[in-house]
There are 2 protein chains.
Amino acid sequence: MTRASVVGAGMTAFGVHESTLSELFATAALDAYDDAGVGPADIDAFYFGNAMGGQTENDTHLAPKLATEVGIAGVPAQRFEDACATSASAFKNAVQAVDAGIHDTVLVGGVERCTPETGNGTGEMTRIFASASHRQYEQPTGLTFPGVFALMTKRHMHVYGTTEEQLAHVAVKNHRNGTYNPRAHFGREATVEEVLDSPIVADPFRLMDCCPFSDGAAAVIVTSDDLADSYDAPVDVTGVGQATDLVPLGLKSTLYATQAARDASAKAYEQAGITANDVDFAEVHDCFTGAEVLASEAIGFFEDGEGGPAAAAGRSALDGDRPINPSGGLKAKGHPIGATGTAQIVELTEQLRGDVGERQIDDATCGLAHNLGGDAGTTVISVMEVRG
Amino acid sequence: MTRASVVGAGMTAFGVHESTLSELFATAALDAYDDAGVGPADIDAFYFGNAMGGQTENDTHLAPKLATEVGIAGVPAQRFEDACATSASAFKNAVQAVDAGIHDTVLVGGVERCTPETGNGTGEMTRIFASASHRQYEQPTGLTFPGVFALMTKRHMHVYGTTEEQLAHVAVKNHRNGTYNPRAHFGREATVEEVLDSPIVADPFRLMDCCPFSDGAAAVIVTSDDLADSYDAPVDVTGVGQATDLVPLGLKSTLYATQAARDASAKAYEQAGITANDVDFAEVHDCFTGAEVLASEAIGFFEDGEGGPAAAAGRSALDGDRPINPSGGLKAKGHPIGATGTAQIVELTEQLRGDVGERQIDDATCGLAHNLGGDAGTTVISVMEVRG
């Protein structure tokens, strides 16, 4: 059942930008306006995500500031922060509000500047990112996010025999997909050997298992099912599930099962009235190659333990039976934290319109976005379908 | 019309605390559970506010972490940040969700640690607070929040002849009210002479015109109109309006009129089917004495220009015709940023139950909370009434 529709989508290229948060966000939002054929007067609320502006550049209370920049000061505006799931959380709340009739047509989006080039070095950015881990139980140990996902992935390797080479295939696939995406941070191919020869960051992850720090913004216009028919190219949101898991990592029932993703996808599938078998492709949160393997199982694309072999066998490639991250994912498209969740929705929208050229999934009618925050303590799953 | 009901309320004392964010928030939340007679199994979502944890102590992604602490990991959880209006924004979103049937019974709350004693000195805290002003147009000028509200208040003085002595009366009243509130940061009386003799912070504000940095937490349990009757002491939320104004300050149509408060209160009154004349008392955002004067006019308690004389004449005192900030307000109760909005809802709940002892407003049946963020670019107005 249609809960809401996306009728406009826009984003900046992801990568290194000299622009301010305002400039980046306005670029994405005005693209989304143009794509939908709307103007500020059509928007009646603003659901906005930014994760780290306070820490990276002493910039908070961004919702009314950015509302001003894109012409919608006056409407209710709120900022969400749920670590890397920040703008998927904004999207979920927006879909709920539109579905419930609280608002008619809303602007949803996110922005982040987190390349070392934009002011904070790699070490400082790593420290800032680590704020999303447990302040008392994890941060004092020196655990940063490559380590968090390394622990989760190591457990998966122990239980299921997942290999470093299988993980490398995830990176290679996403790099290849990224070459077809003009907005991707990385636009070049990689090889399994190159991944396996890159330096260790946090065992089992090597440098090429890790997504980059990126700057960028993404925005979508969400409207109600009733209003969607008056737009040129609506794509329906049929399910949005969100769940939390225990934090910190040490409390989780299993390290590799990402329970919140299982709970959230169950909710989203139920709302949409579908199962994982009905989904033609997924954008998942591959902050590290291992995270994609875990996610591919949690959303039901593969049986537990089959995520690694499936990646190595090409099943998640563009021409596989279970395509994952056609955009290039966080690994190649890039990961501007607060923009990532909305950027997944942009990819779903454009794929389901058949508008993405060489990376198009043939005959795609249903896509899924999986966006997690922190150690997967927050996960949001969105299901979108071609309008019936 | 009832949109939702508050059926449980809890908060810590506001002041200087040695406790972590988790400990503070859990104290407030468990008090709210006890007050409502609920347990974690009764809660189906978590709307949480914290403004500055990332900046003050590198602590973000707090929603699932605190959900874990209070036994509700699993439910959808999200963090809001809208500067000083942070947890009123969470409350607004929660009321909307319950009113729309998205959730049945939710935990709403906020927490902050921002006393210089908890790690960052006064200068550093002032710099962190300034992150809520415009990064490009205001921060480079050296403008901090005492200055922001000083500019707004100076304009009010210029247009209406409001005096420093009238402002001092606001501080004296709120200090007196605070002596009746065992959870207030300041529990002592002040005199007009003492306020006027205190050192200048930002003309026209002296030290005693300014609220303190405080640590603390507040939480409420919000349930639906239908479910409220099964609780002992529900208090109804009949209106919640939120609006944004242009940011930065220099773009605002008037500096003293706080347009967002006017827009938000108009919405809240319309939802509740009342006017300002029906409201028995208000908790307003008196981060500085001048802010209370501006708010008292924006919510319609006094005509424009009459806020200062009304404060001096005692009209906003506990026994006046228009009581404002019976809790002591931000000035005396304290201002732990992300907890302030919810703490106002706690005061409204307890006042409307007749439970606040010496600071009780006689025969109060309707109260209003006014919580602003930044330069008032975000304002949330909540109206609560004794259950009919």
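Leaving aside its neighbours within four places in sequence, which residues is B:T244 in contact with? In this predicted model, the contacts of B:T244 include residues of both chains. From chain A come A:P64, A:I72, A:A73, A:G74, A:V75 and A:A77. From chain B come B:A260 and B:G377. B:T244 is found in strand β8 (residues 235-244) of chain B. B:T244 is buried, with a relative accessible area of 3%. B:T379 lies 135 residues from B:T244 in sequence, but their C-alpha atoms are 6.5 Å apart in space.

One of the contacts of B:T244, A:A77, belongs to strand β3 (residues 77-80) of chain A. In this strand, A:A77 and A:R79 point one way. A:Q78 and A:F80 point the other way. All four residues are buried. In a regular strand the side chains alternate between the two faces of the sheet. β3(A) pairs with strand β2 (residues 45-49) of chain A in the parallel sense, over 4 bridges. Within this pairing, A:Q78 of β3(A) is the bridge partner of A:Y47.

The relation between the chains was examined next. Chain B is superposed on chain A by a rotation of 180° with 0.0 Å of shift along the axis, and the RMSD is 0.0 Å. That is the relation of a two-fold axis. Of the interface residues of chain B, 100% are also interface residues in chain A, so the copies meet through the same surface.

Helix α3 (residues 62-69) of chain B packs against elements of both chains. The helix is mostly covered, with 7 of its 8 residues buried. These are B:L62, B:A63, B:P64, B:K65, B:L66, B:A67 and B:T68. On the chain A side, the buried residues pack against β8 (235-244) and β11 (378-386). Within chain B, their partners are α1 (21-36), β2 (45-49), β3 (77-80) and β4 (105-113). B:G71 follows α3(B) and has a positive phi, near 85°.

A helix pair was also examined within chain B. The axes of α6 (residues 145-160) and α11 (residues 289-298) of chain B come within 9 Å and cross at roughly 60°. That angle makes α6(B) oblique to α11(B). The crossing is left-handed. α6(B) contributes B:F149, B:M152, B:T153 and B:H156 to the contact. α11(B) contributes B:G290, B:A291, B:V293, B:L294 and B:E297. An α-helix has 3.6 residues a turn, so residues three or four places apart point the same way.

Terms used. Residues numbered from 1 in each chain as written. Chains lettered and ligands numbered in written order. Predicted model: local features only at pLDDT ≥ 70, side-chain atom pairs only at ≥ 80, totals over all residues. Heavy atoms only, no water. Buried < 20%, exposed > 50% of the residue type's maximum accessible area, 1.4 Å probe, protein only. Helix = DSSP H or I, 4+ residues; strand = E, 2+ residues; numbered from the N terminus. Pairing = 2+ DSSP bridges. Least-squares fit on C-alpha atoms with pLDDT ≥ 70 in both. Contact = heavy atoms within 4.5 Å. Axes fitted to C-alpha atoms, helices over the stretch in contact; angles between N-to-C directions. Parallel < 35°, antiparallel > 145°, perpendicular 65-115°, else oblique. Left-handed = near helix turned anticlockwise from the far one by under 90°.
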